[in-house]
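Biologist: I am new to this structure and would like to go through its backbone. Please show me the model before we start.

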Amino acid sequence: MTLRKIAGLGALLSLVMPGLALAEEAAPALNSGDTAWMLTATALVLFMTIPGLALFYGGMVRSKNVLSVMMQCFAITGLMSILWVVYGYSLAFDTTGMEKGVVNLYSFVGGFSKAFLSGVTPQNLTSATALFPEAVFITFQMTFAIITPALIVGAFAERMKFSAMLVFMGVWFTLVYAPIAHMVWSGDGALMWDWGVLDFAGGTVVHINAGIAGLVCCLVLGKRKGYPTTPMAPHNLGYTLMGAAMLWIGWFGFNAGSAAAANGTAGMAMLVTQIATAAAALGWMFAEWIGHGKPSALGIASGVVAGLVAITPAAGTVGPMGALIIGLASGVICYFCATSLKRKLGYDDSLDAFGVHGIGGIVGAILTGVFAAPALGGFGAVTDIAAQVWVQTKGVLFTVVYTAIVTYVILKVLDVLMGLRVNEEEESVGLDLAQHNERGYNL
């Protein structure tokens with residue numbers, strides 16, 4: 001058969017069977033660039049917890065508790081990974097029974113059609129628009145499910161039993177994290193998604209959620225022995241600064257990865273993350289400098305995290321100048337909440353999980369409604385700023401109330417069943433020895 005005849009036959013087939021050609025064109029195909037970026041982003045987010053958060057928190061506790069905090073971060077990483085694949089992914093992202101504008105059970109939590117990752121194969125793509133493997137999306141979202149409960153550790157550090165911590169985290173993940181993630185991120189028919197809440201990378205799902213849970217934890221467990229009269233200075237601020245640096249780097253995966261593609265949105269998310277973080281670090285530093293006469297290393301590290309937290313919900317919709325304002329606001333507001341407000345109210349949020357993550361998440365979530373508007377340099381679809389701010393506020397209030405109530409009930413039940421707190425002798429000795437029979441430093 002000559003080349004001319006082959007070409008003629010091809011043309012004839014395309015006329016006779018145009019549907020076949022169109023079907024072949026429409027079939028989604030894996031995008032290797034997006035896949036490579038999402039693999040990288042996933043590793044960066046895991047890097048935020050281990051070693052980033054482990055070092056950040058580990059340096060802030062007393063030397064007798066350094067291993068206990070790091071151990072909790074590692075144990076949570078293992079536990080959440082398994083729970084995620086058994087049922088967590090399904091509870092968060094199963095869309096069975098959901099319908100846009102209809103509120104039913106599935107508006108609050110997913111079903112079990114994806115339990116044990118049923119039906120997941122190497123060939124599955126995330127969707128017709130996100131052209132990378134579903135397996136990568138599952139792992140990416142797993143890293144969010146890991147770091148969220150790990151953040152809570154900072155609120156009750158140095159006084160919770162390891163066994164109680166494990167059980168609490170497993171139950172909290174099931175009853176709080178997975179439903180909130182579903183309500184915000186699972187698409188049409190999900191409660192807060194249908195409200196129009198903007199949460200690009202987890203300001204509500206991760207930070208407000210963890211911050212409020214942390215506040216409830218420290219209130220239910222009570223203050224550390226000797227707080228606030230006994231000095232409880234961080235034992236190794238070098239660890240804390242290294243951990244903050246790792247969080248800063250890893251957060252590019254957290255925020256830019258949430259674009260779910262290697263595209264312009266990811267690029268802008270990376271830029272605004274850097275701007276907001278730098279602004280918050282300086283905002284905290286100067287506020288502390290003015291208030292206390294000297295800037296501290298712990299202060300600038302805390303400011304870094306405050307900025308990262310606040311820009312998280314906004315990263316996909318705000319522009320550079322909006323990010324600058326969000327960063328400055330979060331740095332200054334979180335500074336006052338983690339210092340003056342905490343002293344005034346007297347709660348013992350050991351490592352400022354609420355003061356940084358809870359408050360920073362709230363500031364970022366609400367200001368997203370302002371600076372996502374194109375009129376203020378944003379890239380969202382916000383035309384009525386006041387209406388969007390109300391939607392954002394409604395999402396914040398719902399999350400605060402839901403998380404606080406369910407967390408409180410979980411803690412009170414576990415306290416009755418197994419006890420939450422170590423005894424006074426164990427607390428005095430330190431959790432490293434009392435709970436793990438190890439020392440962080442053997443001199």
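Biologist: In which loop is aspartate 352 found?

Modeller: This is a predicted model. Aspartate 352 is found between two helices. Its place is the loop between α12 (320-345) and α13 (353-371).

Biologist: What is the phi of aspartate 352?

Modeller: Aspartate 352 is a residue other than glycine, and its phi is positive. The value is near 65°.

Biologist: Is aspartate 352 buried or exposed?

Modeller: The relative accessible area of aspartate 352 is 17%. Buried means under 20%. Aspartate 352 therefore counts as buried.

Biologist: Is asparagine 437 buried or exposed?

Modeller: Asparagine 437 lies in the segment after α16 (431-436), and its phi is positive, near 55°. Its relative accessibility is 64%. Exposed means over 50%, so asparagine 437 counts as exposed.

Biologist: What is the omega of the peptide bond that joins tyrosine 227 and proline 228?

Modeller: Proline 228 has its place in the loop between α8 (203-221) and α9 (237-256). The bond that joins tyrosine 227 to proline 228 is cis. Its omega is about 5°.

Terms used
Residues numbered from 1 in each chain as written. Predicted model: local features only at pLDDT ≥ 70, side-chain atom pairs only at ≥ 80, totals over all residues. Heavy atoms only, no water. Helix = DSSP H or I, 4+ residues; strand = E, 2+ residues; numbered from the N terminus. Buried < 20%, exposed > 50% of the residue type's maximum accessible area, 1.4 Å probe, protein only.
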